[in-house]
Amino acid sequence: MAGYFITFEGPEGAGKTTILGILQKELIKKGYDVVSTREPGGIDIAEQIRSVILDRNNTKMDSRTEALLYAASRRQHLVEKVIPALEAGKVVLCDRFIDSSLAYQGHARELGIDEVLSINEFAINGLMPSLTLFFDIDPAKGLTRIGKNDSREVNRLDLENMNFHQKVYEGYHLLAERFNERFRKVNAENSLEIVTSEVLQIIEEHLKSK
């Protein structure tokens, strides 16, 4: 495909959603044709699945059910939005993708990274990002940020205990080592300006190298 698929990953409160919005505008100013999207969600069917997954009332949801719902949402999102954009030569910036499932359901829920990967390999049919930005922040600091942000939705995953969020964090570090050819780690504990500048530089270098 002619486009570029770049994903933003990290634990809760890492700031990736805010930075993605800023970077989309900056890249458009520089002449790139950019599409921003998110997971779960991005298109109508996937947003409906998102509402089920993240509903604070759905505390009885089984871990495997959760993993399968994420994979289903991911497949529909790819078919309807991501793949057409890539085929049109666009730069796709996606807030979360397969690595979220591997860190949250694979490692933190203890379903197994390889087991969750196999579910998602069926869903994505070989389409992986060429660049993954890992926004690295201590889980406690990330959750503190969330507590101070009144405009952010509080979802079911935010209600998990600190042990769960610590395991998510561990999972991301395992993935960064395993998929080091596409992962780039960013210190998300720095200021918004510093992180945004660093990520913009990484993305531009990536776009010019291909």
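**Helix pairs and cores**

Modeller: Start with α3 and helix α4 (residues 98-108), whose axes come within 11 Å and cross at roughly 175°. Keep in mind that this is a predicted model.

Biologist: How should I read the two values for a pair of helices?

Modeller: Two packed helices are described by the angle between their axes and the distance between the axes. Angles over 145 degrees count as roughly antiparallel. With a crossing at roughly 175°, α3 and α4 are therefore roughly antiparallel to each other.

Biologist: Which residues of α3 and α4 make the contact?

Modeller: Ser63, Glu66, Ala67, Tyr70 and Arg74 take part from α3, and Ile98, Ser101 and Gln105 from α4. Sorted by class, the contact of α3 with α4 has 3 nonpolar, 3 polar and 2 charged residues.

Biologist: How do the axes of helix α2 and helix α3 cross?

Modeller: Helix α2 spans residues 44-54 and helix α3 residues 63-87; their axes come within 9 Å and cross at roughly 160°. This angle is also over the 145-degree cut-off, so α2 and α3 are roughly antiparallel to each other. Their crossing is left-handed.

Biologist: Which residues of α2 and α3 meet?

Modeller: On the α2 side they are Ile45, Ala46, Ile49, Val52, Ile53 and Leu54. On the α3 side they are Glu66, Leu69, Tyr70, Ala72, Ser73, Gln76, His77 and Glu80. The contact of α2 with α3 comprises 9 nonpolar, 3 polar and 2 charged residues.

Biologist: Now the cores. Which residues of the largest nonpolar core touch the most other members?

Modeller: A nonpolar core is a set of buried residues joined through side-chain atoms within 4.5 Å. Here the largest one has 35 residues, and Phe5, Leu102 and Leu175 touch the most other members. At least two residues each come from α2, α3, β3 (91-95), α4, α5 (113-124) and α7 (162-178). The largest share, 7 residues, is supplied by α3.

Biologist: What is Leu175 in contact with, leaving aside its neighbours within four places in sequence?

Modeller: Leu175 is in contact with Asp99, Leu102, Ala103, Ile113 and Phe183.

Biologist: How many residues apart along the chain are Ile146 and Gly13?

Modeller: They are 133 residues apart along the chain, while their C-alpha atoms are separated by 5.5 Å.

Notes: Residues numbered from 1 in each chain as written. Predicted model: local features only at pLDDT ≥ 70, side-chain atom pairs only at ≥ 80, totals over all residues. Heavy atoms only, no water. Axes fitted to C-alpha atoms, helices over the stretch in contact; angles between N-to-C directions. Helix = DSSP H or I, 4+ residues; strand = E, 2+ residues; numbered from the N terminus. Parallel < 35°, antiparallel > 145°, perpendicular 65-115°, else oblique. Left-handed = near helix turned anticlockwise from the far one by under 90°. Contact = heavy atoms within 4.5 Å. Nonpolar A, V, L, I, M, F, W, Y, C, P; charged D, E, K, R; others polar. Buried < 20%, exposed > 50% of the residue type's maximum accessible area, 1.4 Å probe, protein only.
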